[in-house]
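Colleague: Could you walk me through reading a model like this one? I'd like the general idea each time, then the case at hand.

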Amino acid sequence: MSKTNAGRFFEDYTVGEVIEHAVPRTLSGGERAMYHALYPARHAFYSSDEFARDCGLHEAPLDDLIAFHTVFGKTVPDISLNAVANLGYAEGRFLKPVHMGDTISSRSEVIGVKQNSNGKTGVVWVRTTGSNHLGEDVLSYVRWVMVRKGDVDAPAPETVVPDLAGSVAASDLVVPEGLSFEGYNFAQAGEPHRLSDYKVGEKIDHVDGVTIEEAEHMLATRMWQNTAKVHFDATARDGGRLIYGGHVISLARALSFNGLANAQIIVGLNSGAHANPCGAGDTIKAWSEVLDVAETDAPGIGAIRLRLVAQKAEAEPFSLKGDDGKYLPGVLLDLDYWALMPV
């Protein structure tokens with residue numbers, strides 16, 4: 001019996017199965033420093049303890065996407081080690097801030113399976129939850145991934161496709177306990193724009209671009225312990241290593257600071273698609289569209305729903321899909337999320 005882990009294949013998943021992922025990880029200032037080195041992240045809430053204290057918290061939490069990458073990375077050996085591609089996200093809720101010293105664990109429930117018509121791959125849906133060392137859930141989301149079959153002759157399982165919500169309801173968004181934007185310092189945040197300055201349908205070109213380097217991507221996959229073969233091993237995929245989709249998400253989110261500096265805290269992940277593959281050497285730009293705005297019960301705090309699109313620099317700004325309804329070749333990411341912003 002082999003002592004090594006070859007990863008799960010499509011036929012190894014059963015709907016209803018709960019997988020407890022190894023290995024718990026204690027987060028520190030090292031993750032914050034590396035995150036801000038890898039991505040041009042500048043949101044004040046995560047950069048300054050004093051800014052966070054003025055907003056009612058005892059210190060600045062770690063960036064929301066640090067929590068996401070950490071929870072996601074735990075799942076890779078069990079969910080996507082043999083993946084062809086990560087396909088999408090839904091029903092994501094950030095439930096509690098993650099602070100330095102928190103130990104994060106992940107578990108996933110298989111909620112759907114569907115074999116593809118080629119008989120060589122299938123799609124697996126999982127609901128993943130991340131928890132801290134106190135047993136408190138900090139993050140929950142659904143993702144679906146295309147996984148290779150280990151035995152192409154293995155019978156196709158009964159198809160189960162989960163019925164997922166199109167978006168997280170504004171009433172289900174969790175505002176961190178104690179958070180208040182009543183004394184919000186717009187000068188320190190970097191922009192004067194508050195929620196009332198944004199209109200549904202408005203599109204924002206974030207102007208700046210960043211070129212992805214092979215070394216930076218490899219640092220990111222190692223830091224988040226994302227060991228999927230298509231990211232680590234240049235021989236696992238024709239055309240070289242595939243850039244980790246979360247790396248593109250963080251780059252786009254960081255670029256969105258220019259125009260959305262006050263969209264401080266991600267609280268909901270409605271949907272997401274990695275539209276086209278991304279490789280080292282690609283230069284990424286980003287734009288956003290305001291999809292909705294909502295009130296919260298917290299003092300001075302509203303919620304803004306945003307479509308964040310990452311695209312190659314040569315693509316036309318605000319381009320997304322062709323007449324056939326398919327993503328244009330230059331589009332890399334289409335992410336729909338909620339963020340908290342001063343009203």
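Modeller: Let's begin with how elements are named: helices (H or I, at least four residues) and strands (E, at least two) are DSSP runs, numbered from the N terminus. Keep in mind that this is a predicted model, where local features need pLDDT of at least 70 and side-chain atom pairs count only at pLDDT 80 or more, while totals for chains, interfaces and linings use all residues. Residues are numbered from 1 along each chain as its sequence is written, and side-chain values use heavy atoms, with hydrogens and water left out.

Colleague: Fine. Where do arginine 53 and glutamate 50 lie, and how many residues apart are they?

Modeller: Both are in helix α3 (residues 49-54), three residues apart, about one turn of the helix. The term means a side-chain nitrogen of Lys or Arg within 4 Å of a carboxyl oxygen of Asp or Glu.

Colleague: How many salt bridges does the structure hold?

Modeller: Ten.

Colleague: What about the salt bridge between lysine 312 and aspartate 282: which parts does the pair tie together?

Modeller: That bridge spans 3.9 Å, N to O. Lysine 312 sits in strand β9 and aspartate 282 in the loop between β7 (265-274) and β8 (283-295), so the pair links parts that are 30 residues apart in sequence. Lysine 312 and aspartate 282 are both buried.

Colleague: Which residue forms a salt bridge with glutamate 289?

Modeller: Arginine 307 does, with the closest N and O atoms 3.8 Å apart. Glutamate 289 belongs to strand β8 and arginine 307 to strand β9, so this pair ties together parts 18 residues apart in sequence. Salt bridges with shared partners join Glu289, Arg307 and Asp334 into one network. Glutamate 289 counts as buried because its relative accessible area is 16%, whereas arginine 307, at 23%, counts as partly exposed.

Colleague: Now the backbone. Where is the cis peptide bond?

Modeller: It joins alanine 22 and valine 23, with omega at about -5°. Valine 23 is part of strand β1 (residues 18-26).

Colleague: On to pockets. How is one found, and what volume does the largest have?

Modeller: On a 1 Å grid over the protein atoms alone, a pocket is an open set of points where a 1.4 Å probe fits, with protein on both sides within 12 Å along at least five of seven lines; lining residues have an atom within 4 Å of a point. Grid points are joined across faces, edges and corners, and a volume is the space filled by probe spheres set on the points. The largest pocket holds about 380 Å³. Its lining has 27 residues, with Ala85, Asn86, His231, Leu242 and His274 nearest the centre. Strand β2 gives the largest share of that lining, five residues.

Colleague: How do the lining residues divide?

Modeller: Ala, Val, Leu, Ile, Met, Phe, Trp, Tyr, Cys and Pro count as nonpolar, Asp, Glu, Lys and Arg as charged, and the others, Gly among them, as polar. For the largest pocket that gives 17 nonpolar, eight polar and two charged.

Colleague: Which residues lie nearest the centre of the second largest pocket?

Modeller: His58, Lys96, Pro97, His99 and Glu177, out of 14 lining residues. This pocket has a volume of about 220 Å³, and its lining divides into six nonpolar, four polar and four charged. Proline 97 is in the loop between β2 and β3 (103-115). Leaving aside neighbours within four places in sequence, proline 97 is in contact (heavy atoms within 4.5 Å) with Pro61, Asp102 and Pro176.

Methods
Buried < 20%, exposed > 50% of the residue type's maximum accessible area, 1.4 Å probe, protein only.
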